[in-house]
Amino acid sequence: FTETALDAIAEEGLSSETGARGLRGVIEKIMLDLAFEAPSIENLALAIVDYVDGKIKRKFVKRKEEVV
């Protein structure tokens with residue numbers, strides 16, 4: 001999670017006025033999306049969650065393949 005994404009998640013959690021449960025719900029939704037999408041990506045090394053243009057965005061970084 002980038003710092004910008006964490007700030008946005010915290011803001012959304014606060015706006016729901018449900019405390020830690022609201023925050024947990026926001027993070028669960030993001031992680032659930034990742035859990036379904038990530039396994040289908042070959043050579044996945046890293047998943048980055050960012051906040052861009054008012055939306056949560058995911059970026060996947062693949063491992064570089066070694067030349068043998």
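This is a predicted model: local features need pLDDT of at least 70, side-chain atom pairs count only at pLDDT 80 or more; totals for chains, interfaces and linings use all residues.
**Notebook: salt bridges**

I started with arginine 24, which counts as exposed at 56% relative accessibility (exposed is over 50% relative accessible area, buried under 20%, partly exposed in between, with a 1.4 Å probe and protein chains only). Residues are numbered from 1 along each chain as its sequence is written, and side-chain values use heavy atoms, leaving out hydrogens and water.

Next I looked up what arginine 24 pairs with: its side chain meets glutamate 28 in a salt bridge, 3.1 Å from N to O (the rule is a side-chain nitrogen of Lys or Arg within 4 Å of a carboxyl oxygen of Asp or Glu). Both sit in helix 2, residues 20-37, four residues apart, or about one turn (helices are DSSP runs of H or I with at least four residues, strands are E runs of at least two, numbered from the N terminus). Glutamate 28 is partly exposed at 42%.

How many salt bridges does the whole structure have? I searched and got three.

Another one joins aspartate 33 and lysine 29, with the closest N and O atoms 3.6 Å apart. These two also lie in helix 2, four residues apart. I got 31% for aspartate 33, so partly exposed, and 54% for lysine 29, so exposed.

Then I checked arginine 58 and glutamate 37, whose closest N and O atoms are 2.8 Å apart. Arginine 58 is in strand 2 (residues 55-62) and glutamate 37 in helix 2, so this pair ties together parts 21 residues apart in sequence. Arginine 58 is partly exposed at 36%, and glutamate 37 is partly exposed at 31%.
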